[in-house]
Amino acid sequence: NSILTATYSITHSAQFQVIKCKAAVAWAPRKPLVIEEIEVAPPQANEVRIKIVATSVCRSDLYCLLENLADICYPVVFGHEAAGIVESVGPGVTEFQPGDKVIPIFLSQCRECRFCKSPKTNHCENTSALLIREGMPGPPSRLSCKGKKLMLFGGTSTFSEYTVVNQIAVAKIDPAAPLDKVCLLGCGICTGYGAAVNVANVEPDSTCAVFGLGAVGLAAVMGCKAAGAKRIFAVDINPDKFEKAKVFGATDFVNPNDHSKPISQVLAEMTGGGVDYSLECVGNVEIMRSALESCVVGWGVSVIVGWTELKDLATRPVQLMVGRTWKGCLFGGFKSKDGVTQMVKAYLDKKVMVDEFITHNMTLDQINDAIELMKGGKCIRTVLSVSPK
């Protein structure tokens with residue numbers, strides 16, 4: 001018993017040490033990320049320290065680093081689409097234990113607030129802000145570098161070998177899941193797929209149009225197919241993306257640059273009045289309007305999926321008065337912890353595709369190369385190996 005007690009004491013104390021590790025730090029907007037040695041403090045009450053095994057670069061990371069520059073606090077560690085292994089847990093954590101495979105999620109599910117208890121939404125009152133702005137109270141960060149506190153991105157900051165996340169923003173997953181694949185379920189795939197099946201509620205034999213064929217758009221195509229849509233229009237100005245879109249279920253490709261008419265008119269002519277459902281997966285307010293106006297009058301539903309905060313959104317009231325519905329969603333309408341666990345199971349049961357989204361594999365040291373690939377539209381998802389399994 002004394003030997004067991006001594007062993008437990010050593011292990012227990014080791015888990016609550018500060019960890020020094022590598023992370024990609026953004027010291028300023030529009031600057032390359034810098035691989036630094038950082039310090040990761042032990043998890044406090046209700047927190048989980050995670051060893052990140054794999055993470056991927058999402059366009060939301062680029063949007064916040066390169067475009068949305070208003071009063072954002074730096075330095076920050078980006079990254080929110082990842083998977084890893086629980087290293088240690090803080091007081092009050094009962095759902096997780098060291099060794100669990102998990103996916104951190106930027107959208108919380110506390111299961112106690114009025115939003116979590118409502119079947120009408122996947123929001124949670126306790127979700128951390130995606131980015132901390134000047135004057136905002138941010139979530140406590142256990143990450144620091146060169147004596148400076150590193151801001152958390154989306155409450156997750158996964159461009160690091162270790163991170164500390166509140167337990168309400170962590171999903172436990174099947175131990176059989178390959179972390180270098182299911183990391184993509186932490187954002188993009190769930191966002192697009194769920195937008196089609198949970199939010200648009202695409203019906204069998206319907207017609208759909210998906211605007212933008214990045215990872216989120218391709219996942220939306222996959223969702224439309226899974227819901228039984230008979231015709232799925234993939235809309236993008238890059239014709240090289242259509243072959244990939246066909247893999248996920250697209251039946252037609254429309255390049256707006258090939259037409260002199262507005263894309264809404266083109267789709268109306270191709271479908272006898274417009275599509276039943278449209279999903280905007282770019283984050284461009286002009287395309288959002290086009291997606292809405294591409295829907296058939298009377299019952300057409302258009303869902304805003306792409307993220308942006310830079311411009312106001314507008315359309316003429318008659319576009320809605322004729323019976324169209326305009327909706328938005330976050331994380332595909334999934335209750336985050338529950339949804340991620342379900343989607344990992346669906347992947348293991350071969351009901352959803354994940355591997356097909358991965359076009360490049362790199363290491364954390366190559367993160368700036370991965371960013372350049374995404375900026376240039378040369379990848380769907382690049383998975384970065386962060387820590388050895």
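This report describes selected strands, helices, loops and a pocket of a predicted model.

## The four-stranded open sheet

Four strands form an open sheet in the order β1-β2-β7-β8, and their pairing is antiparallel. The edges of this sheet are β1 (19–25) and β8 (148–149), each of which pairs on one side only. Within the sheet, β2 (residues 34–40) and β7 (residues 143–145) are joined by two bridges in the antiparallel sense. Glu-39 has Ser-144 of β7 as its bridge partner.

The loop between β1 and β2 contains Arg-30, a residue other than glycine whose phi is near 60°. Arg-30 has a relative accessible area of 56% and is therefore exposed, the cut-off for that class being over 50%. The loop between β7 and β8 contains Lys-146, which is not a glycine either and has a positive phi of about 55°. Lys-146 also counts as exposed, at 65% relative accessibility.

Strand β12 (residues 207–211) is largely enclosed by the rest of the structure, because five of its five residues are buried. The covering extends to both faces of β12: Thr-207, Ala-209 and Phe-211 are buried on one side, and Cys-208 and Val-210 are buried on the other.

β12 pairs in the parallel sense with β13 (residues 231–235), over five bridges. In this pairing, Ala-209 has Phe-233 of β13 as its bridge partner. Helix α5 (residues 215–226) belongs with β12 and β13 to a β-α-β unit, which is right-handed. β12 also runs parallel to β15 (residues 277–280), to which four bridges join it. Here Cys-208 is placed opposite Tyr-277 of β15.

With β18 (residues 358–363), β19 runs parallel, and five bridges join the two. Thr-363 faces Ser-385 of β19 as its opposite residue. Between β18 and β19 the chain passes through helix α11 (residues 367–375), giving a β-α-β crossover that is right-handed.

Helix α8 (residues 285–293) includes Met-288. What is the relative accessible area of Met-288? The value for Met-288 is 3%, so the residue is buried, the limit for that class being under 20%. With neighbours within four places in sequence set aside, Met-288 is in contact with Glu-280, Gly-283, Ile-304, Gly-306, Thr-308, Leu-313 and Trp-326.

Ser-60 belongs to helix α2 (residues 59–67). Its relative accessible area is 18%, so Ser-60 is buried. Residues up to four places away in sequence not being counted, Ser-60 touches His-80 and Phe-153.

The peptide bond that joins Tyr-74 and Pro-75 is cis, with omega about 0°. Pro-75 is located in the loop between α2 and β4 (76–77).

## The second largest pocket

The second largest pocket holds about 240 Å³ of space. Its lining is made up of 17 residues, and those nearest the centre are Asn-126, Ser-128, Pro-139, Pro-140 and Asn-166.

Which strand gives the most to the lining of this pocket? It is β10 (residues 162–166), with three residues. Sorted by class, the lining residues are nine nonpolar, seven polar and one charged.

Notes
Residues are numbered from 1 along each chain as its sequence is written. This is a predicted model: local features need pLDDT of at least 70, side-chain atom pairs count only at pLDDT 80 or more; totals for chains, interfaces and linings use all residues. Side-chain values use heavy atoms; hydrogens and water are left out. Two strands pair if DSSP finds at least two bridges between them. On a 1 Å grid over the protein atoms alone, a cavity is a set of points where a 1.4 Å probe fits but cannot get out, and a pocket is an open set with protein on both sides within 12 Å along at least five of seven lines; lining residues have an atom within 4 Å of a point. Grid points are joined across faces, edges and corners, and a volume is the space filled by probe spheres set on the points. Ala, Val, Leu, Ile, Met, Phe, Trp, Tyr, Cys and Pro count as nonpolar, Asp, Glu, Lys and Arg as charged, and the others, Gly among them, as polar. Buried means under 20% relative accessible area, exposed over 50%, partly exposed in between (1.4 Å probe, protein chains only). A crossover is right-handed if, with the strands pointing away from the viewer, the path from the first strand over the helix to the second runs clockwise. Contact means heavy atoms within 4.5 Å.
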